[in-house]
Amino acid sequence: MLSRRTLLRAAALLPAVPVLAPGTAFAAIPSLPPAVDRRSFAPHEQRFAPYLATLAPMVNDMDGSGFFAGGWWRTPAASYNARVQEHVFTLAWFHANARPWNPYAGDASLLAALDAALGHYLSLQHPDGSFPEYSRDQHGLAPTGFGLGYLAKTLRLLRASGVLPARQAQLTAALRKAMTWFLDAGNRVVWQDRLTWANQTTSGLAGATHALQLDPDPALATRLTEAFARLPAVGQSPAGFFYEEGGHDMNYNFEVMLPELADAYLHSQDAHLVDMARAFTGFLSYNLLREPDGAGYLVNVAPSTRTSARWYDEVRPDPDRTALNWTFTRQVPLLSAFMTAREDLAEARTAWAASTEPVTPLAKQDTSPRILTHGLYGERFPSRRQRAEAIADLPYLRSNDFAELRRDGSQDFLYVRKPGLYLGGYFGTRASRSRTGLTFLWHPDAGTIICGLNDNNYACWSTVFPGQAPDSNGSLPATYFHGAPGGREWSGGRAPAALGIRYGNANVTTDVLVTRRTTRRTVTANAAATEQIPLVLHPTDVLTFTDGTRAAFGGTTTATADGFDLRRGRTTIRLRWNTPLQATLAAGSVRYFRDGARRFHALRIPHQGTFDLTVIMG
């Protein structure tokens, strides 16, 4: 435990913090001494520890206007960017909450800094209620949506503490103006026929639930109820994902949008939000690929439009951006498959408390206050048993024979399960940073073998033309068949014994035939090209070309061969292309999971325009 006297005595031994400029309404707050007793934190509040270590550096970077200078959160780090000011909640929480480990509770200098920060934040609000982000004159969706939540939660803390009454009145008025703007169904910044950034619109609805609890308003409450009813139709694809920049994005869907739905549901209990969580969990269950060795899930990331979340560890200790998703696990039990089990989380927290390593400040920009706001509600993580039951109910573990085609306009999301494999593809119109074509191949014992990345022309499963131009960096419409491509068309329903896929563009046509244990991919291009196969390899894999050349994990190996074998444990995956060609296996910089042992490697085989690959799952 650190008393305030101990803190100040230790701070006196540290290098002096520069005094803020004349006219500043607050003084610098002392930094923490190097050693903080980890054991003094309640397990569910361990997430606050790195923020505690960051608080003084962040506050002491503020300028005299109350702007959070120093580049700690959001870009551009400019005084007109309202999102930079979201850490008002962080200051308010540490001022309001007495804990054995929190020497800043009730600190007058911290309160003065909070007062100034709120003053600057509120000065950015436009008369219509919106806030700017990328320019002073912008009327922004994200800064207003997320701002509603941070400002409402800050107001709640101020009222509970009985401090800054003038700011409380200003916040009350600001929240009402912001909700009036945000909840207007005719506001095209917030509401489109198909939302551009569903997570940002949803964040404002979550914030409004908090604001209306503090200050009820029947007219605004009616608008909020109408917005919840409107959200599924405009914010969620019939395929199950939430709309982000023209398609699906795993990071924003799973780590931002779903927790914001949870935040809104905790206070509104609106049934539409449960239905949305259930539909998204269904989509999620096809796209997170469980590794049989228990490392966690690899992400079918090629269809992601904005970010590149590539894996989720089996145990995700604090801070975990998905933590609040526990809210829906009772109504949507399958979601438990993707949460950390409570027993595993308890073990991780016990280990954290026992560590003698110092608690270090967060890196600039990596200081999301959402981690703290989503820690306000208690916890209800699934047990190991509940989680195991949910995992067993994942579609590709529950069944070994299905073909699932999910569509959204001109975008197709295809998932094919056969006894020896699970194959994914994303076809049709390419959205933003995504990559089309076949995207992953998984084996029930060996796990993920092939997994393409997004926003990377060197790491997608593609036919690549000179200049590193892959066919998957563009739209690839597809047609599906009962049996080999060219047969009777299939568009859903009962899975055929063999599924054929034909996709392509003006330069290349690819035919794929999926049977019980094989995937055959036949490429016909109008020029010489290279077949590019994105492999996920383990350091213990045995990698051998058919000419006898042993490939090096983590390095580059070239051979002239007509195939390549990947031996993982008792399973051998055989890739055969029939004609001896010069092939190269090269490691990339991408690693997977917390331990980083798995590593991306690209297998590249140049050809003269025709290529016939068969992958045989042992």
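For the residue classes used here, Ala, Val, Leu, Ile, Met, Phe, Trp, Tyr, Cys and Pro count as nonpolar, Asp, Glu, Lys and Arg as charged, and the others, Gly among them, as polar. By these classes, the lining of the largest pocket has 17 nonpolar, twelve polar and 16 charged residues. The model is predicted: local features need pLDDT of at least 70 and side-chain atom pairs count only at pLDDT 80 or more, while totals for chains, interfaces and linings use all residues. Residues are numbered from 1 along each chain as its sequence is written, and side-chain values use heavy atoms, with hydrogens and water left out.

**Pockets**

- A pocket is an open set of points on a 1 Å grid over the protein atoms alone, where a 1.4 Å probe fits, with protein on both sides within 12 Å along at least five of seven lines; lining residues have an atom within 4 Å of a point.
- The largest pocket is lined by 45 residues, and Asn-251, Tyr-252, Glu-255, Val-256 and Arg-321 lie nearest its centre.
- Its volume, the space filled by probe spheres set on grid points joined across faces, edges and corners, is about 1,200 Å³.
- Helix 9 supplies the largest share of this lining, four residues; helices are DSSP runs of H or I, at least four residues, numbered from the N terminus.

Note on methods. Helix = DSSP H or I, 4+ residues; strand = E, 2+ residues; numbered from the N terminus.
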